[in-house]
Amino acid sequence: MVCSVVKKLQIVPGCLDDYNKLAGYHYRSSRLGPYAAIFKLVVSRAEPLEIENRKLVVSEKKACPERSRRVEPSKVPIGVIVYTMPSPGLELRNIATNNLFAGFDRSTRLSLVNKNVRCISRVIIEPRFRGLGLASRLVRETMPKMNVAIVEAMAVMGLVNPFFEKAGMTAFRGKMPARCVRLIEAFSMVGIEKKQLIDTKKVQHALEQAPYRSGTGQAQPSEAEFIELEIKRFLQSYGKRRYMPPGPERTRFVLSKLTERPVYYIWFNPKDSGQRIEKEKRKSICQIRCNLSCWISWLVIRISATE
């Protein structure tokens, strides 16, 4: 039974090898990079779980059927969650925290964020165990283990599978970036409407058919030249991707960025209630004042010495 299966699972500290075993099931193929902590979901008791015809049942003492497959305790992770250090600056974080980290210089703000915030980078459940609420359980039970005031996450699939909200996090949906609005309007000006942006082949065909004729009067760019300039402008925000040559691959990437709408999630540690952050802020302010006072004293001494 499903309930029996869930009871036999426990969350324990994991490592990079545990993540690598399930990494292929995640929709993001990019390299993980540095991480702050990894936890895994494993079978807790001595008896393994038996999976037969994609249905989860508790293994009995009888021999396993030929079509069944066992999951041995603690050997293969059933799920994994990865925590990383937070990004230095997020607009939605400022909105969600009422500008709690605003008003400081970059170094002080970075120090405050690193001490008080952790980010959920990956949550992966082995496909045979999905639909049991295990992703929410991983998030809910590991957030307090991080011992920080705030845990956050960004998820492109958040609207489809809101397991972060089920785990107790609050969602914040940001506005469409200005660069996306500009490119969508540019596409519309050359006859590619917003509803077409979900079809890479149609958009690529329209781009290839865009006329190269010159404008009237002065040397105005043609439709093809105009949209090419706008695409290049849009890609400036995506590192090496800005050098992608025209073609289906570039069009697919551009449309993926136009249509994705990451959702920001935040969880405030109830045991902290913001006291730790406020203490760190007061400490930082005192340090800034002390440094400023020392600098002014040094400056006065230098000016006096030159007179």
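At what angle do H7 and H9 pack, and how far apart are their axes? The legends below refer to a predicted model.

**View 1. Packing of helix H7 against helix H9.** The two helices pack at an angle of about 165°, and their axes are 10 Å apart. Because angles over 145 degrees count as roughly antiparallel, H7 is roughly antiparallel to H9. The crossing of H7 and H9 is left-handed.

**View 2. Residues in the contact of H7 with H9.** H7 contributes Arg-179, Cys-180, Arg-182, Leu-183, Ala-186, Phe-187 and Met-189. On H9, the residues met are Phe-226, Ile-227, Glu-230, Ile-231, Arg-233 and Phe-234. By class, the residues of this contact are nine nonpolar, four charged and no polar.

**View 3. Helix H10 (residues 248-259) and its cover.** The 12 residues of H10 should span 16 Å at 1.5 Å a residue, and the end C-alpha atoms are 16 Å apart, so the two values agree. Buried in H10 are Arg-250, Thr-251, Phe-253, Val-254, Leu-255 and Leu-258. Among the elements covering these buried residues are helix H7 (178-189), helix H8 (200-209) and helix H9 (223-235). An α-helix has 3.6 residues a turn, so residues three or four places apart point the same way.

**View 4. Thr-97 in the loop between helix H3 and helix H4.** The loop holding Thr-97 runs between H3 (91-96) and H4 (106-116). Thr-97 has 8% relative accessibility and therefore counts as buried, the cut-off being under 20%. Leaving aside residues up to four places away in sequence, Thr-97 touches Ile-150, Ile-266 and Phe-268.

Key: Residues are numbered from 1 along each chain as its sequence is written. This is a predicted model: local features need pLDDT of at least 70, side-chain atom pairs count only at pLDDT 80 or more; totals for chains, interfaces and linings use all residues. Side-chain values use heavy atoms; hydrogens and water are left out. Helices (H or I, at least four residues) and strands (E, at least two) are DSSP runs, numbered from the N terminus. The expected span of a helix is 1.5 Å times one less than its number of residues. Buried means under 20% relative accessible area, exposed over 50%, partly exposed in between (1.4 Å probe, protein chains only). Contact means heavy atoms within 4.5 Å. Axes are lines fitted to C-alpha atoms, for helices over the stretch in contact, and angles run from 0 to 180 degrees between N-to-C directions. Angles under 35 degrees count as roughly parallel, over 145 as roughly antiparallel, 65 to 115 as roughly perpendicular and the rest as oblique. A crossing is left-handed if the near helix is turned anticlockwise from the far one by less than a right angle, and right-handed if clockwise. Ala, Val, Leu, Ile, Met, Phe, Trp, Tyr, Cys and Pro count as nonpolar, Asp, Glu, Lys and Arg as charged, and the others, Gly among them, as polar.
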